[in-house]
Amino acid sequence: MKQAYQQCTRCIMDTTVPGIRFDTAGECNFCALHDKLDRAFPLGAAGARHVQAMVADIKKTGQGKKHDCVLGVSGGRDSSYTLWYCVVKLGLRPLAVHFNDGFGNPVAGENMTKACRKLGVEMRTITSDWRESKDLKIAFLKASVPDMEEGTDVGIATALYGVAAKEGIQRIIIGQSFRTEGIAPLSWNYLDGKYLRAVHKQFGTMPLRPWKPDDPGFHLDIPQMFYYAFIRRIKTVTLLYHLDYVRADVDQLLERELDWVNPGAHYFDDLYQSVIYYLNRTKFGIDRRLFNYSALVRSGQMPREVALERVQHVNKIEDQKVIDLCIKRLGLTRPEFEQIVATAPKTFRAYPNN
């Protein structure tokens with residue numbers, strides 16, 4: 001039976017979200033998971049102690065090397081702040097790594113260049129094979145699933161692991177936090193190398209380059225993860241989980257310290273997000289802002305009333321000019337694009353996965 005509409009009394013998640021459940025007070029299971037993570041990754045004095053231990057570990061494993069960690073950068077707010085904090089506040093020696101799949105926002109690109117220059121950080125850009133990147137994006141459009149950025153998400157991860165393996169670096173820092181990003185339902189945002197290969201096998205038109213430890217391409221399944229985690233002993237560190245990171249307070253700091261410019265919207269360091277948000281809304285009935293804004297509401301960084309009002313309007317990231325640009329960059333006409341996306345919606349469960 002179809003579930004009657006209900007919305008969480010604490011955040012703004014509602015029954016459009018798969019797998020949502022509510023307790024007797026009307027709070028959802030995503031809020032309960034947030035609270036569990038909040039206890040597991042405390043802020044304040046306990047968080048500071050964890051950061052100190054993390055820094056000691058990074059400096060120990062990076063002793064005698066030019067860089068003691070790899071840090072993923074995109075030019076957006078979160079990664080820019082993480083880079084600044086690691087260098088200025090923690091005294092780390094990161095190697096900044098950016099994954100380029102051909103859809104980067106030029107504003108974000110300038111942000112990365114300026115930040116690394118001002119901080120004296122070496123930046124390495126891993127540019128994907130354009131034929132593979134384009135083929136994967138079209139394949140996931142044909143697969144008719146909402147997680148259309150699978151290729152880029154896997155590409156970002158393999159770029160970080162590949163550079164770390166090549167340079168003998170054992171720690172990777174990423175600038176994400178459940179307190180600001182939120183917790184997505186699995187069927188909206190599923191990351192799995194086996195799933196990527198299955199979709200590509202069915203809808204791709206060209207073979208993917210074979211995996212190499214320091215040039216992984218788009219391969220990140222269980223054998224590759226075992227190699228990086230257990231053979232090379234590479235660990236991923238989520239620094240922002242332990243910092244009292246308030247997005248509203250960061251922009252001025254970044255503008256002052258790094259000459260940072262807002263790319264225009266959250267996630268808009270990647271122009272293809274225009275296509276994703278547009279299709280999520282019009283085809284799948286998904287508004288990803290539900291879990292993003294809910295995180296900010298739970299963390300006290302956005303009033304619930306503001307979040308509720310904002311989701312009444314189409315996200316400004318849905319820029320038709322940018323959408324047209326992305327479609328053209330894929331080598332498709334608008335009628336070809338519309339024909340591809342007219343197929344019935346599916347989820348990752350329709351394909352082999354882990």
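**View A. The second largest cavity and its lining.** F140, L141, S144, V145, M148, L279, K283, F284 and V341 line the second largest cavity. On a 1 Å grid over the protein atoms alone, a cavity is a set of points where a 1.4 Å probe fits but cannot get out, and lining residues have an atom within 4 Å of a point. This is a predicted model, in which local features need pLDDT of at least 70 and side-chain atom pairs count only at pLDDT 80 or more, while totals for chains, interfaces and linings use all residues. Residues are numbered from 1 along each chain as its sequence is written, and side-chain values use heavy atoms, with hydrogens and water left out. The space in the second largest cavity is about 30 Å³, a volume being the space filled by probe spheres set on the points, with grid points joined across faces, edges and corners. Its lining holds 7 nonpolar residues, 1 polar and 1 charged. Here Ala, Val, Leu, Ile, Met, Phe, Trp, Tyr, Cys and Pro count as nonpolar, Asp, Glu, Lys and Arg as charged, and the others, Gly among them, as polar.

**View B. S144 in the loop between α5 and α6.** One of the residues lining the second largest cavity is S144. Its phi is near 65°, a positive value in a residue other than glycine. S144 counts as buried because its relative accessibility is 2%; buried means under 20% relative accessible area, exposed over 50%, and partly exposed in between (1.4 Å probe, protein chains only).

**View C. The largest cavity.** In the whole structure, 2 cavities of 30 Å³ or more are found. The largest has about 50 Å³ of space. Its lining is made up of F99, D101, S133, L136, K137, M148, E149, G151, T152 and F218. Two or more of these residues come from each of α5 (130–143) and α6 (150–167), and α5 gives the largest share, 3 residues. By type, the lining divides into 4 nonpolar, 3 polar and 3 charged residues.

**View D. Helix α11 and its surroundings.** Of the 10 residues of α11, 8 are buried, so the helix is largely enclosed by the rest of the structure. The buried ones are Q273, S274, V275, I276, Y277, Y278, L279 and N280. They pack against α5, α12, α14 (320–329) and α15 (334–341), where contact means heavy atoms within 4.5 Å.

**View E. D259 in the loop between α10 and α11.** The phi of D259 is near 55°, a positive value in a residue other than glycine. At 41% relative accessibility, D259 counts as partly exposed.

**View F. Helix α12, with 10 of its 10 residues buried.** The buried residues are R289, L290, F291, N292, Y293, S294, A295, L296, V297 and R298. Their packing partners are α1 (29–40), α7 (178–181), α10, α11 (273–282) and α13 (304–310). Just after the helix, G300 has a positive phi of about 75°.

**View G. The second largest pocket.** A pocket is an open set of grid points with protein on both sides within 12 Å along at least five of seven lines. The lining consists of 8 nonpolar, 8 polar and 5 charged residues.

**View H. The open sheet of 5 strands.** The strand order is β3-β2-β1-β4-β5, with parallel pairing; two strands pair if DSSP finds at least two bridges between them. β3 (123–127) and β5 (235–238) stand at the edges with a single partner strand each, so one side of each has no neighbour in the sheet. From one strand to the next, the twist averages 30°. Strand β2 (residues 94–100) is joined to β3 by 5 bridges, and V97 stands opposite R124 in β3.

**View I. Helices packed on the sheet.** Helix α2 (residues 44–61) touches β1 (69–72), β4 (171–174) and β5, and its direction makes about 135° with that of β4. Helix α3 (residues 77–89) touches β1, β2 and β4, and its direction makes about 155° with that of β1. Axes are lines fitted to C-alpha atoms, for helices over the stretch in contact, and angles run from 0 to 180 degrees between N-to-C directions.

Terms used:
Helices (H or I, at least four residues) and strands (E, at least two) are DSSP runs, numbered from the N terminus.
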